[in-house]
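Please look at the model below with the terms used to describe it in mind. The questions that follow ask how each description is reached.

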Amino acid sequence: MSEHPDHDDELVQRLLGPSQPELTCEECFQHVNRYVELEIEDGAARADEAIPGMRAHLEGCQACEEEHGSLLALVRADGRAKHRD
Amino acid sequence: MPPLADPVRALDAESLAWVDALRAEGHVHDEAVARLHALLLRAARFEVARRRATVPGRDQGELDDIALQSAGDALVAVLAKLDDFAGRSRFTTWAYKFAILEAAVKMRRRPWHGRELPIEPELWPNFPDDRASPAAEAEQGELLAAIRAAMDEELSPHQREVLVAVALNDVPIDVLAERLGSTRGALYKTIHDARRKLRRRLQADGLT
């Protein structure tokens, strides 16, 4: 038992990873551009429906999740810039 | 995994213009490559700026160099894979991901240059102990103890080494891949297989 239950939860998650089927890192890279556009234009639920296994992979792979987050932020920033034009 | 529902849609006008110009010859091609490099440099700088706090003490010139190298590497990758672009997103979104990948990998590796990788678990909590605690915490502690035992008993030395480094010791997977002469994808497959073994064992023991 640990004195840090939140830490323990995170540790269990890191060690066991997602329980659902997931994409590989290569498949994630292949589809992440479409995924972020779907997230922005149609919402996360639609993106998850169109590309099954992506969300689980992003939960399990920190590197891919970080890059997904950056791409999402950059494309969103582009969209805001276009609206200002 | 079921097949991806990933229909190719018609290229939007802007993406079509990018692809046509990059496939052209002469001045049109050269001008498109210059614009593409500028686009990729913007994406690389965006990624470097997001990660700046992870490399304290680096001066702006060094970070600019990382962004410039990343944009150059991404440019080579985008031009080499141009035929793979199928219009599933805008061209710019597709191109950005190459620059973000290059910059992210370089920024992850930078703080680990010359450092030995920790291979012994550093994040295990101290358990079991005899303090009174709520039932949920006790259950979670029991689960962690079972995972630790399963790692010792079920995983191969390579699976254990990779899972411990990445999941317990916060070694970025790209850094470990570079040291082991492997790739992110191969190491993640190792982690995926290790996690599956652990889940099976926990299920067999009635813990999940």
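**Domains and helices**

Four residues of domain 1 of chain B are in contact (C-beta atoms, placed from the backbone, within 7 Å) with four residues of domain 2 of chain B. This is a predicted model, in which local features need pLDDT of at least 70, side-chain atom pairs count only at pLDDT 80 or more, and totals for chains, interfaces and linings use all residues. Residues are numbered from 1 along each chain as its sequence is written, while chains are lettered from A and ligands numbered from 1 in the order in which they are written.

Q: Why is α2(B) called oblique to α3(B)?
A: The axes, which are lines fitted to C-alpha atoms over the stretch in contact, with angles running from 0 to 180 degrees between N-to-C directions, cross at roughly 130° for helix α2 (residues 26-50) and helix α3 (residues 60-80) of chain B, and come within 8 Å. Angles under 35 degrees count as roughly parallel, over 145 as roughly antiparallel, 65 to 115 as roughly perpendicular and the rest as oblique, so α2(B) is oblique to α3(B).

Q: What makes up the contact of α2(B) with α3(B)?
A: Among the residues making the contact are Leu36(B) and His37(B) of α2(B), and Leu63(B) and Ile66(B) of α3(B).

Key. Contact = placed C-beta atoms within 7 Å. Helix = DSSP H or I, 4+ residues; strand = E, 2+ residues; numbered from the N terminus.
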